[in-house]
Amino acid sequence: MPEVFNDFFDTDFMPRTNATAPAINVKETEHDYTVELAAPGMKKDDFNINIDNDGNLHIKMEQKSEKKDENKKAHYLRREFSYSKFEQTLLLPEDVDKEKIAANVADGVLTVDLPKVEKKEEKTTRQIEVK
């Protein structure tokens, strides 16, 4: 895994003491990186994902819900509020193709695909002209 991810996740500046912070997995293959973020109960409209001016990936998720149960005979009103908010900025490795980043949410997991820039292999075989 590139050090840029380690530098971001393994710092004393951002300890993981907040129990509401979702778990994040980062995996690397030959062709891409994949960021998985635990997001149970979240919908795609709850996310805002963008590349900031510095070229970093910014993930923001926010969910608000309100349940109301009214019992008209007793004139009782019960409310339950739920609010979740999370923001994370990822320093992207230089080999990420920022134009091809894609994200989706399914089964309580936000998945962000970070394809690597395709390296074109230069062939070293060529004809050398004798002068």
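Is E36 buried, exposed or partly exposed? I looked this up before anything else, keeping in mind that the model is predicted. E36 turns out to be partly exposed, at a relative accessible area of 24%.

**Overall layout.** I went through the chain next and found one helix and seven strands. Along the sequence they run α-β-β-β-β-β-β-β. Of the 131 residues, 27% are buried. I also checked the contacts between residues at least 6 apart in sequence: 49% of these join residues at least 24 apart.

**Salt bridges.** How many salt bridges does the structure hold? I have four in my notes, and I looked at some of them one by one.

- E36 pairs with K27 through their side chains, at 4.0 Å from N to O. K27 is partly exposed too, with 45% relative accessibility.
- K85 and E87 form another side-chain bridge, at 3.9 Å from N to O. I logged K85 as partly exposed at 45% and E87 as partly exposed at 38%.
- D97 bridges to K100, and their closest N and O atoms lie 3.9 Å apart.

**A second look at D97.** D97 sits in the loop between β5 (76-90) and β6 (102-106). Why does D97 count as buried? Its relative accessibility is 18%, and buried means under 20%. Setting aside neighbours within four places in sequence, I found D97 in contact with P115, K116 and V117.

Definitions and conventions: Residues are numbered from 1 along each chain as its sequence is written. This is a predicted model: local features need pLDDT of at least 70, side-chain atom pairs count only at pLDDT 80 or more; totals for chains, interfaces and linings use all residues. Side-chain values use heavy atoms; hydrogens and water are left out. Helices (H or I, at least four residues) and strands (E, at least two) are DSSP runs, numbered from the N terminus. Contact means heavy atoms within 4.5 Å. Buried means under 20% relative accessible area, exposed over 50%, partly exposed in between (1.4 Å probe, protein chains only).
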